[in-house]
Amino acid sequence: MKDLHKIQESDVKNIFANIESHDENDAKEADLRMKNLRKMQEPDIEKIVAIIESHDEDDAEEAEYGYRKMSGIDNNYVYEVNGEIIGITGFSIPAGCEQTYWLSWTYIDDKHTNKGHGRSMLGEIIAYIKRSGGRKLFVKVSDYVDPEDGAIYAAALHLYQSLGFEIEVTHKDFYDKDESQIILGMRLKDKEVVDVEDDNCNVQFDGIFEIAETENAYSFNWHDKGKYPLKAKEVQIGINAVRDDDARAIFLSFPSNLTKIEAPLLQSGFINTGILEDYYDDGIDENHYSLYR
Ligand SMILES: CC(C)(COP(=O)(O)OP(=O)(O)OC[C@H]1O[C@@H](n2cnc3c(N)ncnc32)[C@H](O)[C@@H]1OP(=O)(O)O)[C@@H](O)C(=O)NCCC(=O)NCCS
């Protein structure tokens, strides 16, 4: 060997720095290929919140809180036409998954809808996520029917499906009674055949919380370091706790290779509400369960 030597401890830092710089370069190069989208910046927040408000005041409030106090504005992109910002889109990357993406707040200013901007904005962000290595992309949409404005998310649902998303899970009465959550997914890469190992760890619940953006829908915090398999009577303790908080419904989800969790859930009255296919990685879905009052 002339130019090669065995990796030594002292090489590791350089190797990681090299990989990181390639990742950064890939992201920069992908950014450069955007047409009407550019990264959202702090001064854009006010305009973006006004765009969201042109459709729904509650969404605008939630989004502003998210941008300013919770998740920030990283991975959000504004859509500009002739120097004017008329839309917002972006993505988030869930922890513990292999190249899984979620679309985040996606809006076109009400004054500019139905002219093809939404389709072209979504086309651009999907292409960007694909270039960034995305394997599977998900999006959530509500089926809310406003007493005055009708089904305000119907155009979004139509657009997502016409771009290739498919409905994977519907959580009935999720946001509120008579307002469901529809989760759609789209593959960005061909599926790989992988040998998935069962995970026999013991799930334990260790908290309850009201799900953001919902009226009295709850979920449980959990960890997988339990000393013994979860029992139905322990699930019942969680159910009683959220009932004391006036919960309407409980929504839970787990990786499909966790072998010991489904039985105690079903014994406690939860029903299987569907799967997000290949959510964690090819071959590992996310199984969804719900329980209503
Ligand atoms: C969804 C949204 C971004 C689309 O933007 P847009 O610029 O109007 O999109 P386009 O003009 O490219 O396409 C709109 C499509 O919806 C269709 N559409 C419009 N109103 C509709 C309705 N009430 N029901 C079903 N389809 C409808 C149009 O016919 C068009 O479809 P086509 O291209 O097949 O003809 C925009 O409507 C919006 O901001 N909606 C409110 C927010 C929202 O729902 N966001 C997503 C969920 S977080």
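What share of the 293 residues of the protein counts as buried?

**Figure 1. The whole protein, a predicted model.** Of its 293 residues, 28% count as buried. The chain folds into 7 helices and 15 strands. Take the contacts in the protein with a separation of 6 or more: residues 24 or more positions apart account for 61% of them.

**Figure 2. Helices α2 and α3, side by side.** Here we have α2, which covers residues 45-53, and α3, which covers residues 57-70. Their axes come within 8 Å and cross at roughly 155°. An angle over 145 degrees counts as roughly antiparallel, so that is how α2 lies to α3. The crossing itself is right-handed.

**Figure 3. Who meets whom between α2 and α3.** On the α2 side, look for Ile45, Val49, Ile52 and Glu53. Across from them, α3 brings in Glu57, Asp59, Ala60, Ala63, Glu64, Tyr67 and Arg68. Sorted by class, this contact has 6 nonpolar and 5 charged residues, with no polar ones.

**Figure 4. The shell around the ligand.** Which residues come nearest to the ligand? Out of the 19 around it, they are Thr113, Gly118, Arg119, Ala154 and Ala156. By class, the shell divides into 8 nonpolar, 9 polar and 2 charged residues.

**Figure 5. Where the shell residues come from.** Three elements each supply at least two residues of the shell around the ligand: strand β5 (107-108), helix α4 (117-131) and helix α5 (154-162). Which of the elements gives the most to this shell? That would be α5, with 6 residues.

**Figure 6. Gly185 in its strand.** Find Gly185 in strand β10, which spans residues 179-187. Is Gly185 buried or exposed? Being buried takes 20 or more other C-beta atoms within 10 Å, and Gly185 has 22 C-beta neighbours inside that distance, so Gly185 counts as buried.

Figure 7. Leaving aside neighbours within four places in sequence, Gly185 is in contact with Lys136, Phe138, Phe165, Glu166, Glu168, Leu276 and Glu277. Tyr101 is another residue to look for in this view. Along the chain, Tyr101 and Gly185 are 84 residues apart, while their C-alpha atoms are separated by 9.7 Å.

Note on methods
Residues numbered from 1 in each chain as written. Predicted model: local features only at pLDDT ≥ 70, side-chain atom pairs only at ≥ 80, totals over all residues. Axes fitted to C-alpha atoms, helices over the stretch in contact; angles between N-to-C directions. Helix = DSSP H or I, 4+ residues; strand = E, 2+ residues; numbered from the N terminus. Parallel < 35°, antiparallel > 145°, perpendicular 65-115°, else oblique. Left-handed = near helix turned anticlockwise from the far one by under 90°. Contact = placed C-beta atoms within 7 Å. Nonpolar A, V, L, I, M, F, W, Y, C, P; charged D, E, K, R; others polar. Near = placed C-beta within 6 Å. Buried ≥ 20, exposed ≤ 12 C-beta atoms within 10 Å, placed from the backbone.
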